Amino acid sequence: MSSKRPILIIYTGGTMGSVHDPRNGSLVPIDFSQITNHVPELHRAGISIEAVSFNPPIDSSNINPLHWRKIATLITKHYNNYAGFVILHGTDTMSFTASALSFMLEGLKKPVILTGSQLPIGMPRTDGRENLLSSVMIAALKEASGEPVVQEVSVYFGKKLLRGNRAHKQSAHSFDAIVSPNYPSLVDAGVDFKVNHIALFRPNCSTINVKTRFESQIAWFPFFPGMSFNLFESILEKESLRGLVLSTFGSGNAPDSKPLKNMLKHAIDRGVTAVNITQCGHGGVKPEMYATSLMLTECGVIPGGDMTNEAAITKLMFLLGETDDQGLIRQKFTSNIRGELTTH
């Protein structure tokens, strides 16, 4: 039997597996075998590699819960045959997929690492080679006990491994495009891999349990000065609306408006779940700080703490797919279930 650590690569699409079409200059997908040919070091790292590919590959702008379910199904189907999983994914919605998978894969005890690149892997200055190679090598890391070092969904980018539901895309151009604004990196890649053991997540249960239901009838609404409350009201009055993510100012503040308060209270009273997430790139919602944030709490809006927008949106979709019990949704949304939230 081979002593090499087996890793499964799941190619969903994205820039890493693209080349320029000479006819129009746009990026088009290539056969996945061409990617592994660009990283021959994979075969010399004490790791055995196998790969499956979406057919056809998906531009990450088109990713939806059906694709999340497909990825989760592939992981569970092959869970006992591999030491870890590396998912190649477009960067635009990588943080959404990583967050969604973290909630879906309850009891995960193996690494699931998403990575991608800003430049196609065939280009001279591509970041794709290092991202792919390091992701695979980190996925193969094990403790002295033989257990995987990483036992959660994560994102590797810019020489850092980040918790998946803490990740956020901040740049369309930088090789450090993905950041974790409110949580430290899990692994820093230098000459060696420096593991931040204190930051690693460990599941409470030992058996993997996959949950695949997501509720898509939610809205994401950012506040801005001069916004039309009439337009906002038209969204809140949709009978199909089940959830609302409010993107608020600062530490969770919104316009101090009685009509706004009445709109929100009416929607929440009829069963819409509303949550409050800050627009700021760093920090979180603190509803006790200002009267303008207390107004939302008085309406029944649920504070989202320091979750990213990506984590809050996918967590709300996930919880609404699981239950209609508003008390249970509130309890779970404000609880740290996969390391997505700092609790005090």
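**The sheet and the aromatic cluster**

Tutor: Eight strands form an open sheet with mixed pairing, in the order β4-β1-β5-β7-β8-β9-β12-β13. At its edges stand β4 (47-53) and β13 (193-195); each has a single partner strand, so one side of each is left without a neighbour in the sheet. Direction ignored, neighbouring strands are turned by 25 degrees against each other on average. Helices (H or I, at least four residues) and strands (E, at least two) are DSSP runs, numbered from the N terminus, and two strands pair if DSSP finds at least two bridges between them.

This is a predicted model, in which local features need pLDDT of at least 70 and side-chain atom pairs count only at pLDDT 80 or more, while totals for chains, interfaces and linings use all residues. Residues are numbered from 1 along each chain as its sequence is written, and side-chain values use heavy atoms, with hydrogens and water left out.

Helix α2 lies across β1 (5-11), β4, β5 (84-88) and β7 (112-115), and runs at about 155 degrees to β5. Contact here means heavy atoms within 4.5 Å; axes are lines fitted to C-alpha atoms, for helices over the stretch in contact, and angles run from 0 to 180 degrees between N-to-C directions.

The aromatic residues come next. Rings of Phe, Tyr and Trp (its six-membered ring) pair if their centres lie within 6.5 Å; planes under 30 degrees apart count as stacked, over 60 as edge-to-face and the rest as tilted. By this rule there are eight aromatic pairs. In one of them, the ring centres of W68 and F214 are 5.2 Å apart and the planes stand at 65 degrees, so the pair is edge-to-face. W68 belongs to helix α2 (residues 65-77) and F214 to the loop between β14 (209-210) and β15 (218-222), so the pair ties together parts that are 146 residues apart in sequence.

F214 also pairs with F318: the centres are 6.0 Å apart and the planes at 55 degrees, so this pair is tilted. Since F318 lies in helix α8 (residues 309-322), the pair ties together parts that are 104 residues apart in sequence. W68, F103, F214 and F318 form one aromatic cluster.

Buried means under 20% relative accessible area, exposed over 50%, partly exposed in between (1.4 Å probe, protein chains only). W68 is buried, F214 is buried at 12%, and F318 is buried at 4%.
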